[in-house]
Amino acid sequence: MKNKIGIIIAGAIIGILSVASVKLGNPLNMGLCIACFIRDIAGGLGLHRAEVVQYIRPEVIGIILGAFIMSKASKEFNPKNGSSPFTRFILGFIVMIGALMFLGCPLRMILRLGGGDLNALFGILGFTVGIFAGVKILDKGFSLGRTYNASPLEASSISILALVLLGILVFIPTLLIFSESGPGSMRAPWIFALIVGLVSGIAAQKTRLCMVGGIRDMIMFKDSYLLTGFLSIFVFVLIGNMLTGQFKLGFIEQPVAHSDALWNFLGMALAGWGSVLLGGCPLRQLILAGEGNVDSAVTIMGMLVGAAFAHNFKLASAPTGPSLNGQVAVILGFIVLGCISYFYIEKEIKFKEVELKEGA
């Protein structure tokens with residue numbers, strides 16, 4: 001699978017399943033959105049009070065379990081942790097704030113464009129600028145530190161948690177909260193949604209599919225491998241939406257989206273920069289967590305809390321546009337990213353630069 005044909009096939013599968021998910025009940029242009037679905041899970045667990053976005057999305061559970069199963073089967077399960085976990089939690093929190101300003105993760109950004117939502121173009125532009133900024137920080141020696149071997153049980157904990165959450169959803173749903181209106185009430189049958197997640201998790205695990213990695217690798221190495229996967233998703237979503245009558249070209253009145261170009265740009269710029277520092281987009285974090293990376297599991301917890309915080313304190317955008325609270329939060333997010341970027345540039349590299357200047 002680790003070649004362009006494989007990643008094109010993986011993109012095609014995810015694109016087709018995303019269109020099918022919408023046809024079977026998911027919100028328009030939201031067949032698979034990691035940020036939106038983690039937000040819904042936060043609501044389903046009662047962590048926020050936004051009644052229209054509360055549901056335990058089986059897709060997220062399936063992605064984690066799919067990555068876990070495939071990494072175990074291919075002997076790629078790699079238990080590790082210890083690389084600045086709390087900083088990763090904060091970065092996950094900030095990435096979620098940026099994504100909810102835009103109203104979607106990098107994957108949904110492509111799905112929105114494939115559905116005709118031209119507002120996604122401003123998101124893509126901002127995302128690319130944010131990744132470019134992050135790459136410059138990496139070039140200066142940014143590092144969150146080395147990782148250490150973790151126990152297999154700890155590395156499997158998020159997969160076990162996902163399985164428990166699935167069991168509660170299926171067998172004890174009265175413990176959870178379900179939206180009765182809005183995007184949270186729009187959902188494909190849970191068994192189909194779980195299959196979508198499992199298949200997507202397996203495909204993404206085998207191909208290392210990551211939007212951040214795709215743009216980063218193009219900037220740093222002129223390598224288009226990862227980006228090819230998302231181009232494949234776009235093409236198949238575009239074709240699928242046209243065939244099913246779900247395509248609507250324009251900026252105005254797009255589903256679960258707003259048309260404020262500046263804040264679409266800035267929201268995804270924040271998400272892009274933060275994701276580079278983390279080493280992958282939200283989808284990639286789910287895959288890494290399923291593979292045994294405890295740091296990525298901590299990042300997901302940061303996203304979950306970030307989503308709850310965003311809705312409890314009115315930071316998330318609405319289809320009518322961004323809130324003032326959200327705009328302030330995005331600006332503060334850039335400041336925090338700037339501080340993290342500065343303080344995690346390896347001191348050894350700084351010292352070498354000073355020595356070279358003094359020697360000159």
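User: Where is V294 found, and is V294 buried or exposed?

Analyst: V294 is found in helix 14, which covers residues 294–312. This is a predicted model, and in it the relative accessible area of V294 is 11%, so V294 is buried, the cut-off for that word being under 20%. Not counting residues up to four places away in sequence, V294 touches K80, N81, A150, E154 and A155. As for distance, the C-alpha atoms of V294 and P173 are separated by 28 Å, the two residues being 121 residues apart along the chain.

User: Which residues of helix 3 are buried, and what do the buried residues pack against?

Analyst: The buried residues of helix 3 are P58, E59, V60, I61, G62, I63, I64, L65, G66, A67 and S71. The partners against which these buried residues pack are helix 2 (34–44), helix 8 (157–171), helix 9 (190–207) and helix 13 (282–290).

User: What is the phi of K75, which follows helix 3, and which other residues can I compare?

Analyst: The general idea is that most residues other than glycine have a negative phi. K75, after helix 3, has a positive phi near 60 degrees. S84, in the loop between strand 1 (80–81) and helix 4, also has a positive phi, near 50 degrees, although S84 is a residue other than glycine. K222 is likewise not a glycine and has a positive phi of about 60 degrees; its place is the loop between helix 10 (211–221) and helix 11.

User: Are S84 and K222 buried or exposed?

Analyst: S84 counts as buried because its relative accessibility is 16%, whereas K222 is exposed, with a relative accessible area of 66%.

User: How do I read a helix crossing, and at what angle do the axes of helix 4 and helix 15 cross?

Analyst: One looks at the axes, then at the handedness, then at the residues that meet. The axes of helix 4 (residues 85–102) and helix 15 (residues 324–343) come within 10 Å and cross at roughly 145 degrees, and the crossing is left-handed. On the helix 4 side T87, I90, L91, I94, I97 and M101 take part, and they meet G326, Q327, A329, V330, G333, V336, L337 and I340 of helix 15. By class, this contact has ten nonpolar residues, four polar residues and no charged residues.

User: Which residues does G104 touch, and where is G104 placed?

Analyst: G104 lies in the loop between helix 4 and helix 5 (106–114), and its relative accessible area is 0%, so G104 is buried. Leaving out residues up to four places away in sequence, G104 touches C33, A35, C36, A99 and M268.

User: What polar contact does the side chain of Q246 make?

Analyst: The side chain of Q246 makes a polar contact with the side chain of T244, at 3.4 Å. Q246 is in the loop between helix 11 (225–244) and helix 12 (261–278), and Q246 counts as buried because its relative accessibility is 13%. Beyond its neighbours within four places in sequence, Q246 is in contact with V19, V22, K23, L28, G115 and N241.

Definitions and conventions: Residues numbered from 1 in each chain as written. Predicted model: local features only at pLDDT ≥ 70, side-chain atom pairs only at ≥ 80, totals over all residues. Heavy atoms only, no water. Buried < 20%, exposed > 50% of the residue type's maximum accessible area, 1.4 Å probe, protein only. Helix = DSSP H or I, 4+ residues; strand = E, 2+ residues; numbered from the N terminus. Contact = heavy atoms within 4.5 Å. Polar contact = N/O pair within 3.5 Å; in protein donor to acceptor, adjacent residues only side chain to side chain. Axes fitted to C-alpha atoms, helices over the stretch in contact; angles between N-to-C directions. Left-handed = near helix turned anticlockwise from the far one by under 90°. Nonpolar A, V, L, I, M, F, W, Y, C, P; charged D, E, K, R; others polar.
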